[in-house]
Amino acid sequence: MDHSTAPVLDALQAYHDQDQLPFTPPGHKQGRGADPRVRAVLGDAVFRADELPPCPGIHVPDPGDLRLRQVTLPRDAFFGEVEQVPADEAVGRVCAEMLTPYPPGVPAALPGELLDRAVVDYLRTGADAGMLMPDAADSTVATIRVSVHDVGAD
């Protein structure tokens, strides 16, 4: 078998040369896990999109601010009695759904966690800026599904 040519790499190079959207294989940690030949063809700049860059309009809190407190079991919050409330009214309430913004694809809130202002602002501004929220009952995050039982106020 002749491995002297790489038609897939040639096609990626041609695509990259058109200056369209970047080719961004997920999970490469900004190229550190990518094949060196791919990095040579596409360059390192393509892999910078592996992580969410600073985006105007998205409130990105410090990572420590995104650590929510688990106040009830996830299954109790998810399967329990719930209501859909405006995002601002969800602050201080127990989340009853998984809220996973893409990118980066890491859950910001899980059922049973107490929602705080930093996370709600991050999700709202992210949705407004175009981040996808495929797990949310309301993908615009204008409303958030919360537990009816106010266990978080203790």
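**Before selecting.** This is a predicted model, in which local features need pLDDT of at least 70 and side-chain atom pairs count only at pLDDT 80 or more, whereas totals for chains, interfaces and linings use all residues. Residues are numbered from 1 along each chain as its sequence is written, and side-chain values use heavy atoms, with hydrogens and water left out.

**Stop 1: the whole chain.** Display the protein as a cartoon. There are 5 helices and 4 strands; helices (H or I, at least four residues) and strands (E, at least two) are DSSP runs, numbered from the N terminus. Followed along the sequence, they give the pattern α-α-β-α-β-α-β-α-β. Of the 154 residues, 31% count as buried. Buried means under 20% relative accessible area, exposed means over 50%, and partly exposed lies in between (1.4 Å probe, protein chains only).

**Stop 2: the nonpolar core.** Select Leu 99, Ala 109, Leu 115, Val 119, Leu 123, Met 133 and Ile 144. These residues have the most contacts inside the largest nonpolar core, which has 20 residues. Such a core is a set of buried Ala, Val, Leu, Ile, Met, Phe, Trp, Tyr and Cys residues joined through side-chain atoms within 4.5 Å. Which elements give two or more residues to this core? They are α4 (87-90), α5 (117-128) and β4 (143-147). The largest share, 5 residues, comes from α5. In soluble globular proteins, nonpolar side chains tend to be buried together.

Now centre the view on Leu 115. Leaving aside neighbours within four places in sequence, Leu 115 is in contact with several residues, including Leu 68, Ala 90, Arg 93, Ala 109 and Ile 144. Contact means heavy atoms within 4.5 Å.

**Stop 3: Arg 93 and Glu 83.** The structure holds 4 salt bridges, each being a side-chain nitrogen of Lys or Arg within 4 Å of a carboxyl oxygen of Asp or Glu. Show the side chains of Arg 93 and Glu 83, which meet in a salt bridge (2.6 Å, N to O). Arg 93 lies in the loop between α4 and β3 (113-114) and Glu 83 in strand β2 (residues 82-86), so the pair ties together parts that are 10 residues apart in sequence.

**Stop 4: helix α5.** Select Asp 88 and Arg 117, whose salt bridge has its closest N and O atoms 3.0 Å apart. Asp 88 belongs to helix α4 and Arg 117 to helix α5, so this pair ties together parts that are 29 residues apart in sequence.

Then select Arg 124 and Asp 128. In their salt bridge, the closest N and O atoms are 3.4 Å apart. Both residues lie in helix α5, 4 residues apart, about one turn of the helix.

**Stop 5: Gly 105.** Select Gly 105, in the loop between α4 and β3. Gly 105 is 26 residues from Met 131 in sequence and 9.7 Å from Met 131 in space, C-alpha to C-alpha.
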